[in-house]
Amino acid sequence: MIVLEVLSGVLLTGGALFLLSGAVGMLRFPDFYTRIHAVGVTDSAGAGLVLLGLLLRTDSWGTAVRLLIILLFMALTSPTATHVLAHAARRDGVPVWREGDPRR
């Protein structure tokens, strides 16, 4: 049981670090496209690790199935939403940041 607790803690900590790095990227990157890339990548990985860490701590099958459904839903919708937002921004003419341009 101690191995599951340690592995769960590692997964939860790793997920929290991924999510924190996405938040830092959101604040630090200069334009919409780099920000959405940072958040899209770290959101999928961070939420996945957190959900896997919680899955190791659950006692009931009902809760485990719900966590797996949430994990599947996040794995399918997060990258799709990121792609659709970037595509819509490109179609609407949101400019790509070039070095020397001011941050937007």
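This is a predicted model: local features need pLDDT of at least 70, side-chain atom pairs count only at pLDDT 80 or more; totals for chains, interfaces and linings use all residues.
Thr 42 is part of helix H2. Its relative accessibility is 12%, so Thr 42 counts as buried, the cut-off for that class being under 20%. Beyond its neighbours within four places in sequence, Thr 42 is in contact with Phe 18, Leu 19, Ser 21, Gly 22 and Ala 47.

## Overall architecture

The chain contains three helices and zero strands, and its elements follow the order α-α-α from the N terminus. The C-alpha trace spans about 55 × 25 × 10 Å along its principal axes.

Of the 104 residues in the chain, 20% are buried. The accessible surface of the chain amounts to about 7300 Å², and carbon and sulfur atoms contribute 73% of that area. Among contacts with a separation of 6 or more, 69% are between residues 24 or more positions apart.

## Salt bridges

Side chains of opposite charge can pair when their charged atoms come close. Two salt bridges are found in a search of the whole structure. One of them joins the side chains of Glu 5 and Arg 57, with an N to O distance of 3.2 Å. Because Glu 5 belongs to helix H1 (residues 2–28) and Arg 57 to helix H2, this pair ties together parts that lie 52 residues apart in sequence. Glu 5 is partly exposed, at a relative accessible area of 41%, and Arg 57 is also partly exposed, at 40%.

The side chains of Arg 91 and Asp 92 likewise form a salt bridge, at 3.7 Å from N to O. Arg 91 has a relative accessible area of 58% and is exposed. Asp 92 counts as exposed as well, with a relative accessibility of 59%.

## A nonpolar surface patch

Met 1, Leu 4, Leu 7 and Leu 56 make up a nonpolar patch on the surface, and together they present about 390 Å² of accessible area. Leu 56 is located in helix H2, which covers residues 32–57. With a relative accessibility of 30%, Leu 56 is classed as partly exposed.

Conventions:
Residues are numbered from 1 along each chain as its sequence is written. Side-chain values use heavy atoms; hydrogens and water are left out. Patches are made of residues with over 30% relative accessible area and no salt bridge: like charges are joined within 9 Å, nonpolar side chains (Val, Leu, Ile, Met, Phe, Trp, Tyr) within 5 Å. Accessible areas come from the Shrake-Rupley method with a 1.4 Å probe; for residues, only the protein chains shown count as cover. A salt bridge is a side-chain nitrogen of Lys or Arg within 4 Å of a carboxyl oxygen of Asp or Glu. Helices (H or I, at least four residues) and strands (E, at least two) are DSSP runs, numbered from the N terminus. Buried means under 20% relative accessible area, exposed over 50%, partly exposed in between (1.4 Å probe, protein chains only). Contact means heavy atoms within 4.5 Å.
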